[in-house]
Each structure stands twice: as structure tokens, then as C-alpha cells.
Amino acid sequence: MVTTWTQQLLDEADAHMTADRHRSALARLLVVLDVYPDLPEARQRASSLIYIGARTTSDAAPGEQLGPRQLLDTRLNAVFCACEAPECGVSWVSAHHLLDGHGDAMITNPMGGYCEACGVTLCKRHARPAGYSLGCPRCARQLDPAPAPNGRRRSAQTERLNKRLVHVIVLVEGRKPPSAEFMTGLCDSVTPDVFDDSPRITGNCARKFKGDEGRTEAVFHAGALEPAYLMDDYDLRIYPGRQAGRRGQRWVIAKVFENRPKHIDPENPPST
């Protein structure tokens, strides 16, 4: 059952979508998904919005175009299709929800499709050409060009939680702490929720990461900065990574969240 609080946010999202305010619409939907991540009404709207609003030819209002910061949000993983070919990381939003109730619509040049016979979702690169559509490389049957989402498996961004972000600790491998330019670029591409919650941000270095990709060092630094971060009042999440290139510098991000909900449906508060 959709509560009045939820319906109001959905209605606001609809109004923004009608006015081509794509970012504003998505912001309302993400609040709903924070509280109800499996709500079909929110997922369907998000899918349709991304399918239309992510295109470079979309008629988005000024400043409302959807970009990587919005599209790579992990709260949207469930509305994406993901190629199931080995080692493939391609994902896309199909026209599945947009065409709900319009099964006879024709889609040309799809990003991928689903083979009902083989039960596999494939991107364009791993499917075989079949006229204006795509075929299955296993059984040669035509792929469904508007498959239901099977969930994006990878995202360049760290996990988003329905909790307020209070501190981000960036630890790099080496003898020098990260520069302000490095920190800004990393936050923008990997953890853009820093621009929503305005947390404290700290940069430091460790001469050599251990075998766990710097996770131990990150936990140690978090506890040294504030021992309470290791207690139940906070939720500490660790994300290792590295810069692009064979010799890219390794880094690890520690995100410290308040261990309580950021958004709450007043009509359906969480039980304590």
C-alpha cells in the first residue's frame, strides 16, 4: 500500500517529469527508494525517467540533464539491465517500463535484449545482429529488446544508504597525503553523496597497504580520528579502489554514517 507521504513524493516526481525537470524528479524518487527500495511505483518511474532523460537529445530544462553523478547512484541498480556475458560490465535501462501496456511497439537499435529460451540478458556487443534487432548467439532466436531489469552488478560509485553521511576518510597508498584536487575528483566520481550531506572530509596516507587492500588501515584511521565511529551509533563502510592505469595509485575510502534513518515515512516509521 502506498502511503500519503509516498504518493505526494511520487506526484511531485510526475510533475517534474512533465516539466522536463529530470534531476528534480529523480531526487524525489530517490527519497522514496531510500525508504522503500522495492516499491514498484518508484522503480517504474525511475526506469522511464532514465530511459528518456539520460539521452543527450532529451529536452531537459536547464541544469536538469541527468549525468553520471545521478545515473551511477547505487539506489538505481535495480532498474538497470546488465549483460550476463562473462567479464562484461555493460548495463543499460531498457524501455520495459515505458512500454508497459504497449507490447506491439517496435524498438530499433536496442542496447541489448533477453533470450527467453536461454534465460540470459546480453548487451549489443555480445548478441548477434538480427536486422533492426538482436539475436541470441546460442540459439539464434530474436532477443526481447525491452527486457525487464535484472539489476546492475557494478557501479563506479560507493554504496548509498538511507543514513546521514558524517565523515569521509580517504587514505592513499604512498608517502604523501592526497591533494585537494585528487580528493575533489575522487569524491565527485566515486562518492558524490558528500555534496548532499556536507560531511567532514579527511585525507591521509599509508606507506604500504596490507593484503586486504587497505581496509585494515582505513578502520584504524577511522578509530583513531574518533573512537565512537567503531561503536553502534555509527555505521562504518570501507571501499577500496585504485586510479586507472596499470600503475594507478591505490586508495581506500571509509564512509561513516549515523546509524539511524535519514528519511522516514511518518505514516510508517521503522520499529525500534
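Arg250 and Glu173 form a salt bridge in which the closest N and O atoms are 2.8 Å apart; a salt bridge here is a side-chain nitrogen of Lys or Arg within 4 Å of a carboxyl oxygen of Asp or Glu. This pair links distant parts of the chain, since Arg250 lies in strand 10 (residues 250–261) and Glu173 in strand 7, 77 residues apart. The model is predicted: local features need pLDDT of at least 70, side-chain atom pairs count only at pLDDT 80 or more, and totals for chains, interfaces and linings use all residues. Residues are numbered from 1 along each chain as its sequence is written, and side-chain values use heavy atoms, with hydrogens and water left out.

**Overall architecture**

- The protein chain contains 7 helices and 10 strands, taken as DSSP runs numbered from the N terminus (helices: H or I, at least four residues; strands: E, at least two).
- The C-alpha trace of the protein chain spans about 60 × 50 × 40 Å along its principal axes.
- Of the 272 residues, 43% count as buried (buried is under 20% relative accessible area, exposed over 50%, partly exposed in between, with a 1.4 Å probe and protein chains only).
- The protein chain exposes about 15000 Å², of which carbon and sulfur atoms supply 50%; accessible areas come from the Shrake-Rupley method with a 1.4 Å probe, and for residues only the protein chains shown count as cover.
- Among contacts with a separation of 6 or more, 66% are between residues 24 or more positions apart, contact meaning heavy atoms within 4.5 Å.

**Salt bridges**

- The count of salt bridges comes to 17.
- In the pair described at the outset, Glu173 counts as buried, because its relative accessibility is 16%.
- Asp188 forms a salt bridge with Arg69, with the closest N and O atoms 2.4 Å apart. This pair also links distant parts of the chain, with Asp188 in helix 5 (residues 180–190) and Arg69 in helix 4 (residues 68–71), 119 residues apart.
- Asp188 is partly exposed at 37% relative accessibility, and Arg69 is partly exposed with a relative accessible area of 34%.

- Arg160 is found in the loop between strand 6 and strand 7, and counts as buried at 11% relative accessibility.
- Asp196 forms a salt bridge with Arg160, with the closest N and O atoms 3.4 Å apart. Asp196 belongs to helix 6 (residues 194–197), and the two residues are 36 residues apart, so the pair links distant parts of the chain.
- A network of salt bridges links Asp34, Asp73, Arg75, Arg160 and Asp196.
- The side chains of Arg160 and Asp73 make a polar contact (3.4 Å). A polar contact is a pair of N or O atoms within 3.5 Å; within protein, one must be able to donate a hydrogen and the other to accept it, and residues adjacent in sequence count only if both atoms are side-chain atoms.
- Leaving aside neighbours within four places in sequence, Arg160 is in contact with Arg69, Asp73, Thr74, Arg75, Pro192, Asp193 and Asp196.

**Aromatic rings**

- The structure holds 1 aromatic pair. The rings of Tyr229 and Tyr234 have centres 5.1 Å apart and planes at 75°, so the pair is edge-to-face (rings of Phe, Tyr and Trp, using its six-membered ring, pair if their centres lie within 6.5 Å; planes under 30 degrees apart count as stacked, over 60 as edge-to-face and the rest as tilted).
- Tyr229 is buried at 8% relative accessibility, whereas Tyr234 is partly exposed with a relative accessible area of 26%.
- The charged end of Arg152 sits over the ring of Phe80, 4.0 Å from its centre (NZ of Lys or CZ of Arg within 6 Å of the ring centre and within 35 degrees of the ring normal).
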